[in-house]
Amino acid sequence: MTNTPLERRRMLSDPILRWDRMLEIRVLEDRIKDLFAEGLVHGTTHTCQGQEAISVAIAMSIRPSDHVCCTYRGHGTALALGLTVDSVLGEVMGRSIGVIGGVGGSMHLSEPSVGLLPTSAIVGAGIPIAVGAALSAQVLGEDRCAVSIFGDGASNIGAFHEGLNLAAIWKLPVVFICENNTYGEYSPINLTTPISDISIRATSYAMPAEIVDGQSVDAIAAAVSAAVVRARAGGGPTLIECKTYRYSGHSRADAGAYRPAGELDEWLKRDPVVLYEKQLIEASLLDVASAKEMRATVAKRIEDSIERVLASPLATVASMFQNVIGSQSK
Amino acid sequence: MKMRMRQAIAMALADELRSDPRVVVFGEDIAAAEGPFKTSEGLLDEFGPLRIRDTPISEMGFVGAAVGAAATGLRPVVEIMFIEFLGVALDQLVTEASKFRYLSGGSYNVPMVLRASVGSGLGFGSQHSQTLETWLYATPGLKLVVPSGARTAYGLLRAAIRDEDPVVVLEPRILYAEREDVVTGEDGIIPIGVGEILQSGNDVTVVALGQMVRTALAAAKDAHWNAEIIDLRSLIPWDRELVCESVSRTGRLVVVEESPFSGGWGTEIASYVAAECFDVLVAPVHRITCPDVPVPQPAHLEQKFLPSVDYVREQIGTLVRTNERPKPWWITEGYVS
């Protein structure tokens, strides 16, 4: 019995299931890396271990009818928004059970029932697109907002500046969320960006901005919720910068050898999955034994999914020819 | 009704804005100033600032916003003042808009229209006079149309706004002020992908686009050969059936292009027809183009750059008479070896 993306999304109202989702993202990302290493997957992938709190906090703070644009490092966002493990892994592995039938691969996920617009493999491209989704809400008078998720590297591309400017002058209901993991592909932020706080850039667009602990579900959720309330009330856009870290390299080909010794270990001490687990235990919402049990359950869930995906048919040749243009067109 | 092409464009926009509340129009100086070429005259007054908007000079931003807006319920029409300005926004059109349907398994589509003024003849110089169809040509998921006057500008734009996929409309700038009879209303809508035979003939099929259509018509007037003149109107997709059927009767194909010789849009037409109609061709397929140089600014050089009526008449005449390809002027006059 599998839940729909919408049902999975609604589960996030339960703190325990938020932690379950964070675990699910972590384990799936780890296993996707393994599957690539074993040669079972074609191409490349960009995993998000270390950034799970952001994905889950965003998903629990916005409505399924809100629009989300995110990047090629999007498995975590997709799972948090509600996409099923089978549909994400199926897409990564080129199977017809993939969320778009297997033609997209790791970087291209999309699911309208939970507001996920097609994820883009172009750094920064989703920023103006989210602005356009917010424009739709404004013009059509819909009670919706748009969320744009991107990395610190994207704040150096024109699309970031043009998108923020447009959103500010038109007072659009959009929340810009920067996952500042301190690396743009292989380069550390201090070599590519003259500031370490991306939020400073909001000043140029007369936009409120906030820096939050990107490892804390509650801190991020509070900031996103406040920004979303302001956006819906006609107060315009907000930039939220989540200070976080990418436990893996940029892509599967990158072991992250350029990282200074000890940096990863420091950030592992603030592992968002562990932090949230501790928080739940301290609040007596979870005990150590059931936490252990949940970890095993999630691991089993992912292994079962891998088995199903591996046994499922490859994307068909016919699917390659579908959805290029609308069927009504000549 | 006789009107200028710019008026036909404004009327097509107004008619679609009236009939569909999802249509919005934005671009640089298109609202309060009514467009640098006056193609949005009266729109702000009638439809208001929620739907008719001036943008900052940021093509990447507002073309991207059109993609997002189109995917989420609006039908945006954006204006790129000069096609060259699309360079900074190409990602949003070629890599985002045209891939959304594919990369969402058909869940999201992008019914947006991108209009741009194109072409030479007005002395705007090398960076404001190109047509650049071929920037977009090899892009599955995109449609591309080029009007040749007020009538087709009206009909193609309305079809483009109603289309479920991203459509680019390239408007020959030199034709904005030209008058033509226009069929307005539903009857005036011209389907995308369908060419039009403007003049029947049996000696040669002449395929033209944009401002070269009137050049081809003028060149064929009082000529000693009979040309079948086709206004292609749509470049993606182009009307293969119409062109091949015509060539099957005439046995000859000439493409008249406002593009460089190397890689111009006619290479696609010529290569397809050469292969598909091989058995019926009595002469090599021939392209009449501009030379492989940037568009020069002075009037006399710009006139030389663009295929003229006399040049087109002479080129077609030679092909029909000899069944051999005439050389282009830049070779016969010794500028290029």
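1. A residue counts as buried if 20 or more other C-beta atoms lie within 10 Å of its own, as exposed if 12 or fewer do, and as partly exposed in between. Asn323(B) shows how this works: it has 13 C-beta neighbours inside 10 Å, so it counts as partly exposed. Keep that scale in mind, as several points below use it.

2. Welcome to the structure, which is a predicted model. Its overall scores are ipTM 0.95 and pTM 0.96. For chain B, the mean pLDDT is 98, and 100% of the residues reach 70 or more.

3. Let us start with chain B as a whole. Its secondary structure comprises eleven helices and 14 strands. The radius of gyration is 20 Å, close to the 20 Å that the globule rule gives for 337 residues, so chain B is as compact as a globular protein of that length. Along the principal axes, the C-alpha atoms of this chain fill a box of roughly 60 × 45 × 40 Å.

4. What share of chain B is buried? Of its 337 residues, 57% count as buried. Contacts in this chain can also be sorted by separation in sequence: among those between residues at least 6 apart, 78% join residues at least 24 apart.

5. Chain B is divided by the domain assignment into domain 1 (2-188) and domain 2 (196-332). The C-alpha centres of these two domains of chain B lie 27 Å apart. Their contact takes 24 residues from domain 1 of chain B and 23 residues from domain 2 of chain B.

6. Which elements of domain 1 of chain B give two or more residues to the side that touches domain 2 of chain B? They are β6 (143-145), α5 (150-162) and β7 (167-172) of chain B. The largest share comes from β6(B), with three residues. By class, this side of domain 1 of chain B has ten nonpolar, twelve polar and two charged residues.

7. Now to the place where the chains meet. Chain B brings 40 residues to the contact, and chain A brings 38 residues. Within chain B, α3 and α4 (90-96) each supply at least two residues of the side that touches chain A. It is α3(B) that gives the most to this side, with ten residues. The side of chain B that touches chain A holds 18 nonpolar, 15 polar and seven charged residues.

8. Helix α3(B) is worth a visit of its own. It covers residues 59-71, has 13 residues and reaches 18 Å from its first C-alpha to its last, close to the 18 Å expected at 1.5 Å a residue. Is this helix mostly covered or mostly open? It is mostly covered, with 13 of its 13 residues buried. Just after α3(B) comes Gly73(B), with a positive phi of about 125°.

9. Across in chain A, have a look at helix α7 (residues 158-169). At 1.5 Å a residue, its twelve residues should span 16 Å, and its end C-alpha atoms are 17 Å apart, which agrees. Its buried residues include Phe160(A), Leu164(A) and Leu166(A), and also Glu162(A) and Asn165(A). What do the buried residues of α7(A) pack against? Their partners are α6 (126-140) and β3 (174-180) of chain A, together with α3 of chain B. Just after α7(A), Lys171(A) takes a positive phi of about 50°.

10. Most residues other than glycine have a negative phi, and most peptide bonds are trans. In chain B, Glu34(B) has a positive phi of about 65° although it is not a glycine. Glu34(B) sits in the loop between β2 (23-27) and α2 (43-47) of chain B. With 19 other C-beta atoms within 10 Å, Glu34(B) is partly exposed, because the range for that class lies between the cut-offs of 12 or fewer for exposed and 20 or more for buried.

11. Asn323(B), which opened this note, also has a positive phi, near 55°, and is a residue other than glycine. It lies in the loop between α10 (309-322) and α11 (329-332) of chain B.

12. Finally, which peptide bond is cis, with omega near -10°? It is the one from Ile236(B) to Pro237(B). Pro237(B) is placed in the loop between β12 (234-236) and α7 (240-250) of chain B.

Notes
Residues numbered from 1 in each chain as written. Chains lettered and ligands numbered in written order. Predicted model: local features only at pLDDT ≥ 70, side-chain atom pairs only at ≥ 80, totals over all residues. Domains from an automatic or database assignment. Contact = placed C-beta atoms within 7 Å. Helix = DSSP H or I, 4+ residues; strand = E, 2+ residues; numbered from the N terminus. Nonpolar A, V, L, I, M, F, W, Y, C, P; charged D, E, K, R; others polar. Expected span 1.5 Å × (residues − 1). pLDDT = per-residue confidence, 0-100. Rg over C-alpha atoms; globule rule 2.2 N^0.38 Å.
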